[in-house]
Each structure stands twice: as C-alpha cells, then as structure tokens.
Amino acid sequence: MATVNDVVIKIATVNGTGSASANGLLMRSIFRMGVPVVGKNYFPSNIQGLPTWYEIRVTGNAYQARSDRVDIMVAMNAQTYARDLAEVSPGGWLLYDSTWPRSSLLDRDDVTVLGVPLSRMCNEHFEGARARILMKNIAYVGALAALLEIDLDTITKLLEETFASKQHLVGSNMEAIRLGYDYASENFVCPLPSKIAAADGAKGHIIIDGNTAAGLGCMYAGATVGAWYPITPSTSLMDAFRSFCSKYRVDPESGKRTYCIIQAEDELAAIGMVLGASWNGARSFTPTSGPGISLMSELLGYAYYAEIPAVVFNVQRTGPSTGMPTRTQQADILSCAYASHGDTKHVLLFPADPGECFTMAQASFDLAERLQTPVMVLSDLDIGMNDWMVPEFEFDESYVPDRGKVLTAQELEDMEAFYRYLDIDGDGIPYRSLPGIHPKGAFFTRGSGHTKYGSYTEDSDAYQDVVDRLLLKWETARSIVPEPEIQYSKFNKAAILSVGSCDGACKEALDRLNEQNISLNYCRVKAFPFSDAVKEFIEQHDVVYVVEQNRDAQLRTLLMLDCDANPTKLVSFLHYNGTPLNAGFVVKRALEEQSKGQAA
Amino acid sequence: MSFISKPTVAHPNMPRNKLGLTARDYEGAVSTLCAGCGHDSVTAAIIQAVFKLNIEPHMLAKMSGIGCSSKTPAYFVNQSHGFNSVHGRMASVTTGANAANRTLTYIGVSGDGDSLSIGAGQFVHAIRRNLNMCYIIENNGVYGLTKGQFSASADIGTLPKKGLANQQEPIDAVSTALSLGATYIARSFSGDKDQLVPLIQGALSHDGFALVDIISPCVTFNDHEGSTKSYAHTREFYHNVIDADYIAAAEEITTAYEKGSARSVELHDGSKIILRKIDSEYDSSSRSAAFKYLRERFHAGEIITGLLYIDDSRKEMHDLMGNIDTPLSEVPLDSLRPGKEELKKILARYR
C-alpha cells in the first residue's frame with residue numbers, strides 16, 4: 001500500500017556498537033523535514049553485546065504512541081534475524097547486511113528483502129575496526145534515505161550541527177551516507193511505495209526525553225538541592241539537572257555554585273537529604289524508580305506526618321523486584337499513593353509526555369511547598385528515556401512560584417507565640433517556620449505523636465485532632481492539583497479513562513474507534529487525589545474503560561478508594577508486558593467489551 | 001511520658017555570655033529519661049558548650065534519629081529548631097539540611113544502635129563527605145528503648161540482663177571514623193564534664209565532621225556486673241589521653257597550661273583548641289599513630305578518651321563542591337531561573 005508519512009522503521013542492532021547516533025540522525029532528519037515522528041528504544045539491561053532495537057514511527061497524523069506494525073525492518077543483528085523477520089508486517093521490507101547473504105531471510109514471500117553489503121562497502125572505504133563499525137550504521141541511514149526520499153541536505157546540515165567542533169567527521173559520515181544511498185538507488189526501485197515527504201506537522205515542536213525535560217523543569221522551578229542514588233531509568237534526570245546547572249547555576253563573580261547535587265549512599269539517604277533540605281527551606285528533590293520508593297517509604301511517611309515538603313520523581317520500570325529494569329510499566333501507582341506505614345497518603349502527579357514532565361516538575365515544588373507534604377511525579381521509562389516530539393516548552397515569566405505558608409522573621413517577631421500545627425486558615429495547612437530565621441520560630445520536628453501546638457503527646461484526642469486535620473488538608477490538595485484532561489465526543493455513556501503515558505495510544509484508539517462509529521468520551525487523570533471532575537466523569541458514564549500499564553488494575557483500585565467509584569462500571573484494559581502501550585491494544589479491548597455489551 | 005514544660009527562672013547573678021544569655025537560656029524541656037541516665041549529663045555538657053560558644057539559639061540545629069539518645073535534643077536549647085527523624089537517618093537529614101543552609105551550627109545526637117547498626121551506612125558516608133557537623137554518639141552498648149538488647153558496640157563477653165554473653169566483635173565508632181578520614185575525633189565519658197564540655201565546644205567549632213563518642217552508661221539495662229559499659233567498669237578503666245580546653249578566638253590563651261605540654265590547634269572559625277598531652281607519646285595529628293594507640297589500649301582493656309585526632313586542613317562538604325557561601329535556601333528563586341529567552345536557547349538543540 002502506498003503511503004506518505006506513515007511508515008514504521010525498526011532497527012535491530014547489538015548494543016554498544018554506536019547505532020544510537022545513527023538512529024538519532026535518521027529520526028531527526030525526518031523530523032527536520034517537518035514530519036512528526038515517534039522514537040522508541042528497546043534496550044537490554046546490559047552495556048555491550050546484547051540485542052537492542054530502535055523503532056521510528058513516521059506519523060503524519062502526529063500520533064504519540066508506538067505503532068503495532070513494522071513496515072521496514074533494518075536487520076543488523078544476525079542473532080535476531082529470525083524474530084526480526086517474523087515481526088515485519090505483511091507487505092513490508094527487510095533490509096540487511098548482505099555482505100554475508102542469508103537465504104533463510106527469504107522465507108517469507110510477503111516481505112521484500114533488500115540486501116545491502118554494508119560491511120563490505122565500509123571495509124573498502126574506511127580504515128580501522130571502530131570506524132568501520134560506526135560507519136556501517138551511518139550507511140544504513142543512507143540506504144533508508146534513498147528508499148524513503150529523506151532529504152540529503154537535511155542530513156548534511158544535522159551532521160554539521162552534531163560535529164560542529166569536529167568538522168572532519170562530517171565528511172566521513174556523509175561518505176557513509178552516500179555509500180548506502182547510492183547502493184540503494186542503483187539496486188532498488190526508489191522510493192518505496194511508503195515514503196516520506198516534507199510537511200509542516202513538526203513546526204514549533206522539539207524532540208526530547210522526559211528525564212531531560214524534568215531535569216530542566218527542576219532548574220526552572222529553582223530547585224537547589226538534588227539528592228539521588230543511581231537507578232535505571234531515572235538516572236538521566238539528575239544528569240540533565242547537573243548539566244543545565246553547570247551552565248546556569250554558577251555565580252559569575254565567585255565561580256561558585258548555586259546548586260548542590262549529592263549522590264547518596266542509597267535511597268534511604270537520598271530522601272533523608274531531601275527532607276533535611278526542604279525543612280531548611282530549599283527546593284529539593286530526588287529522582288528514583290520503584291525499588292527506590294520502597295526504600296524511601298519510611299521517611300515518606302515521616303514527611304507526611306511531620307509535614308515537610310519533598311519532591312520525588314518515580315520513573316517507573318517493570319516490576320516486581322528487579323523485574324525488567326529497562327522496560328516500562330505504571331505499576332507503582334498504589335505503592336506511591338500509600339507509601340509508608342500508618343494512615344499515610346501522598347499527592348501524585350502523572351505526566352503524559354516530556355512536556356508535562358517540564359511543567360509538572362515546576363508544579364510539584366509549588367504543591368509540595370503549598371501543602372507541606374511529599375509530592376511524587378510518576379513518570380515511566382517510556383516517557384523518561386524515549387525521544388518524544390512535543391510542542392516546544394514555554395516559560396511564563398509572570399509565573400510566581402508558590403512557596404506556601406512560610407513565616408518571615410518579622411511575622412514571627414510580631415506573633416504572640418508560634419504553634420506549628422495550628423490550622424489558622426481552615427484549609428488544613430498550618431504555617432511553618434524555617435530554622436535560622438527567628439528564635440520565636442523554633443520548633444521541634446518529630447515523627448512521634450504531637451498536638452496541634454507541636455508538642456509531644458500520647459493523648460488520644462490530641463493525636464486524633466492532628467490526623468483528622470491532615471484529612472482536611474487532603475481535601476485542599478484535591479482542590480488545587482491539576483485537573484484531568486476531558487474530551488467529550490458525541491453523546492455516549494461509555495468512556496476511556498487513562499493515565500500518564502497511556503495518553504497517546506488512547507487518543508489514537510479513540511480516532512480508530514470513531515472510524516468504526518464507536519465514539520467514546522475520554523478522561524486522563526493528571527493527579528491524585530482525584531479532583532471532583534474525575535468523580536463526576538465516572539458518574540456520568542455507564543461504563544468506563546480504565547486503561548493502565550500494570551497487572552493489578554492499580555488505577556482502578558485507586559479510583560474505587562478515593563472516588564468511591566462503582567467497581568462494576570470500571571472495566572480494566574491492562575497492558576503490562578513491559579513495552580509501551582499501542583493503540584491496537586486499546587482498540588482490540590474496546591471492541592471486545594463493546595461486543596459483550598451488544599450480546600447482553 | 002508527657003511533655004513537661006520547665007519554668008525558666010534565672011538567678012540575677014548567673015553568668016552571661018556575650019549574647020547576654022545565661023546557661024538557663026540554653027536549656028530545654030525536662031528529660032524523660034531514667035533517673036541517673038548518662039545521657040542527661042551529656043545534655044548538660046551540650047548546654048554548657050553552646051552557652052560558652054555564644055551560639056545564637058536559633059542558629060543551632062539539633063538533629064537526631066531514634067532511641068534514648070535521640071530524644072535528648074528536646075532537653076536542650078528550646079529556642080533552636082530540632083529534627084527528631086527516624087531510626088538511623090539523622091546523618092542524611094543533616095546532610096540535606098546543611099546542603100540547604102551552611103550557616104547554621106549542626107549538632108546531631110545519636111546512639112550506638114542509631115549510628116552503628118541501622119544507621120551505619122549513613123554514619124560512614126557523612127564522614128566521607130566531611131559534613132560540617134558535631135556528631136555525638138551516646139554510647140551505652142545497649143538498646144534502651146526496646147529494653148536491653150545488645151547494640152553493635154557491645155564488647156565480646158558482655159552479659160545482658162537476660163540471655164547469653166555477646167560473642168560478636170564490637171564496632172568501635174572512633175576506629176571506624178579514623179579509618180574513614182573523619183577530621184575531628186574525640187571520645188569521652190558522660191560523667192566527666194570537665195573533659196566533655198571543651199571536646200563538644202571543639203567539635204561544634206570544627207569546620208568538618210566532628211565525632212564525639214561518649215561512653216554513657218545505661219543505668220537500667222547495662223549498668224550491672226559483666227557489662228563493659230557500666231559506670232563501675234568505665235571509671236576503673238578510664239584512661240585520659242588528652243585534655244582539651246577550648247578558648248574562643250578573641251580571648252587570650254590562659255597560662256593554665258604548662259609550656260611543653262600544651263598544643264594549640266587553630267580551627268577554621270579562628271577559635272583555638274588547646275590539647276594537653278597526658279601521654280607524651282601521643283600525637284593527635286597523626287591518623288596512623290592514633291589508630292595504633294587506640295588498638296593497643298583497646299587490647300589492654302582501656303578506654304582512651306580525649307581528642308584523639310584532628311585535621312583542620314581538609315575542606316568540608318560545601319567547599320569540596322565549590323558551593324556559594326550564602327545558604328542555598330536564601331538565594332531568591334528568580335535568580336535561579338534563567339528565564340524565557342534562555343529557555344529558547346536551551347531548546348534550540350532539541351529542534
């Protein structure tokens with residue numbers, strides 16, 4: 001079938017061979033032609049030698065999810081030839097390094113095999129093993145450029161930008177591009193029926209991953225203390241924060257830093273550092289993943305009860321236990337919502353893409369300081385580590401950060417007496433004082449039972465008074481957290497409700513279902529506690545398909561617990577094999593459920 | 001246990017420090033520990049040390065974890081902020097607090113369980129960072145709040161009130177700190193105020209990680225025959241290495257110390273500590289000598305006290321990182337955000 005700007009390219013390589021830069025070049029070239037793209041990296045928990053795949057979906061409609069097809073497989077890893085061939089959609093193509101011909105690749109008669117002698121050509125043109133391996137990757141980009149009509153000038157320009165300080169590399173890379181390009185032009189009918197044409201669908205957009213966006217968001221939020229313990233897939237968040245700070249957070253006069261990043265000994269310490277810093281009035285955060293949340297749980301409960309702000313990014317990965325650390329999931333929803341012992345619950349934010357990682361990073365500090373409680377931003381590996389095409393981030397200069405109820409020295413001076421946990425405003429949020437500001441603000445922070453005046457207690461009524469007031473604060477949180485995204489189609493009593501990185505696949509599924517005359521309404525929750533709009537949305541519908549990426553329907557459970565939602569209405573669409581969600585799965589489940597409805 | 005507020009009545013003739021405050025102004029709530037607890041003596045010594053150092057109460061931050069020792073920050077300097085955290089996590093909370101505001105004086109009070117078992121990881125890493133704090137371990141070899149289990153500092157052969165003698169090697173906080181590069185290491189005994197107060201003063205003034213390991217017998221669970229951390233045992237085997245007296249920078253060094261036996265060490269804040277060598281062999285500037293001596297006396301069953309090691313040349317955490325002198329918490333947020341135009345420039349590479 002002939003298509004323009006609707007093609008899925010999957011590249012199978014071995015990790016540690018430098019294919020990432022070739023794949024990046026390919027994707028960015030298409031993006032620079034104004035054509036929307038989606039990039040997904042499927043990589044092993046390993047540094048070198050294991051199979052890895054990169055999938056580029058060219059989507060003129062600007063869908064955000066991965067596809068459920070593979071049109072062109074670039075099979076560069078002989079170890080995985082069989083499965084890579086099997087994965088190609090009927091009518092598709094398989095490009096491989098025909099330096100060593102493989103007749104087994106001809107087993108499928110519905111797939112066209114394109115042999116390009118990449119190794120032979122690169123061995124003839126380049127010196128040294130390293131250059132030959134790297135250039136082989138660049139050469140397949142050249143072959144694809146011919147097959148798909150990718151603009152060579154765009155590729156040249158990108159290479160010039162990439163190697164701005166090493167111009168000699170531009171020539172050798174272009175030579176490799178030419179090798180692939182010329183071979184494909186001479187030996188195959190170019191372009192293929194599926195091709196790429198310049199468009200304006202990518203205008204005003206950038207390609208960025210969620211961890212970089214969140215790190216940038218932390219810098220723009222004015223965070224000064226970051227504490228962390230390395231864990232995949234969150235590590236690059238602190239790397240990004242460090243990199244931005246190294247440029248923008250160095251005092252020009254003294255050359256000294258206005259940020260402090262501490263690599264902690266473990267996650268127990270990382271959250272302890274965040275609490276200490278927040279207690280002292282700094283905006284402080286820690287990025288982690290599921291196992292890190294488990295270790296942080298004790299102090300998260302402390303922060304809830306002692307009312308200390310904290311920002312935690314949980315870039316979720318596939319559990320339980322070590323699970324599949326380089327695969328994605330949304331399976332920490334419940335463990336984060338109720339992290340710790342005793343009656344504890346936490347404010348959660350659910351970004352759907354890197355754009356929201358940037359904005360929610362800033363919102364999380366405002367909420368944490370306003371509410372004096374931990375706020376967890378639940379991203380995932382798909383958002384955090386994959387390259388997403390999103391609208392360019394904006395920063396509103398009129399935005400004033402919300403530092404919450406922090407008393408100044410003068411306010412303390414003018415007070416008769418300061419009591420830490422008194423609810424003066426009736427919103428469940430007391431006033432806090434920072435150390436070093438004024439002797440009257442002195443306060444003994446404790447995780448043990450305390451009265452509303454802040455003193456130690458084992459008195460039942462005095463204890464209960466405080467934990468009841470925390471519930472009032474919870475309701476205040478409900479009224480100020482980000483509202484859900486809601487879309488109504490034409491009148492319909494069925495809807496899809498999803499969270500985080502499910503968004504792109506769900507919206508694409510809504511379009512596809514619409515083509516089949518099934519119009520569903522849509523709600524994407526952005527925060528916990530759920531605002532009243534979420535509750536109302538569920539109440540408006542007879543059936544709500546809850547789409548999430550875990551086995552145990554954790555979002556559905558949370559809706560039942562927090563919104564008192566009727567469980568019989570909430571039908572789960574659960575995707576939890578570690579790959580990002582695609583629209584095909586949602587459509588298939590919706591059709592199954594719709595046909596059940598008709599049968600009944 | 002309940003919170004008892006203590007009336008603050010100061011005698012008009014009580015001595016006042018440079019801030020015009022009396023020692024009474026540095027007191028806290030009434031202790032709820034057992035009568036005769038060594039920890040209360042340490043509390044009294046801390047009050048004296050902070051009073052003598054003229055520290056503004058609100059510029060002191062009192063940090064602790066969980067255990068009998070960790071309750072004590074409530075019993076001194078009422079006008080200071082306190083952070084009674086969770087078990088074994090005082091060090092990390094203090095690290096973060098210090099990261100946010102380096103201008104406060106941090107005193108952490110911990111115990112042997114809190115620092116050498118559940119909090120061992122954080123204790124050693126705070127030392128590695130040369131976190132600028134006074135870290136006190138009230139060491140009694142026993143878990144008091146859970147009624148008498150051994151801690152990791154219990155000596156081999158120690159008998160509990162119930163059960164079998166301890167057969168596991170003790171962890172010695174002082175040797176541990178020496179091996180990790182701590183820059184101020186002292187040990188004392190809760191019952192020896194004359195030695196303890198200057199050691200704590202020195203630790204509070206030291207620009208880096210200062211450990212004061214204080215043998216503080218538990219009168220309820222570990223003050224019986226067979227315990228090596230009982231009052232009787234400690235007094236019998238008490239061995240003073242160095243008496244330290246603390247002299248503020250502005251004051252002249254007194255002549256109470258005979259020439260030849262005194263050694264003056266200038267601390268980063270300009271104040272000085274004077275060491276009097278009891279043992280003429282001892283050199284508190286040598287890590288290896290300190291380690292050797294400590295092991296020798298340990299094998300002889302003796303408890304070495306005094307200022308065992310000091311190194312005022314190493315940079316503390318912030319200076320190692322090259323951070324600004326102003327507290328990070330006080331830098332206005334506006335100056336920390338590069339603004340709209342810079343965001344465009346940053347994002348150019350993602351276009």
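**Exercise 1. Determine which residues I262(A) touches, leaving aside its neighbours within four places in sequence.**

Solution. Leaving aside neighbours within four places in sequence, I262(A) is in contact with A227(A), M273(A), T95(B) and A99(B). Two residues are in contact if their C-beta atoms, placed from the backbone, lie within 7 Å. The model is predicted: local features need pLDDT of at least 70 and side-chain atom pairs count only at pLDDT 80 or more, whereas totals for chains, interfaces and linings use all residues. Residues are numbered from 1 along each chain as its sequence is written, and chains are lettered from A and ligands numbered from 1 in the order in which they are written.

**Exercise 2. State where I262(A) lies in chain A and whether I262(A) is buried or exposed.**

Solution. Step one: I262(A) belongs to strand β11, residues 260-263. Helices (H or I, at least four residues) and strands (E, at least two) are DSSP runs, numbered from the N terminus. Step two: I262(A) has 25 C-beta neighbours inside 10 Å, and therefore counts as buried. A residue is buried if 20 or more other C-beta atoms lie within 10 Å of its own, exposed if 12 or fewer, and partly exposed in between, with C-beta atoms placed from the backbone.

**Exercise 3. Describe how helices α7 and α12 of chain A pack.**

Solution. Step one: α7 (residues 210-221) and α12 (residues 354-371) pack at an angle of about 30°, with their axes 7 Å apart. Axes are lines fitted to C-alpha atoms, for helices over the stretch in contact, and angles run from 0 to 180 degrees between N-to-C directions. Step two: the residues of this contact comprise 11 nonpolar, 5 polar and no charged. Ala, Val, Leu, Ile, Met, Phe, Trp, Tyr, Cys and Pro count as nonpolar, Asp, Glu, Lys and Arg as charged, and the others, Gly among them, as polar.

**Exercise 4. Describe the side of chain A that touches chain B.**

Solution. Step one: 57 residues of chain A are in contact with 50 residues of chain B. Step two: α9(A) contributes the largest share of that side of chain A, 9 residues. Step three: that side divides into 31 nonpolar, 15 polar and 11 charged residues. Step four: β17(A) pairs with strand β2 (residues 81-84) of chain B in the parallel sense over 3 bridges; two strands pair if DSSP finds at least two bridges between them. T445(A) stands opposite F83(B) in β2(B).
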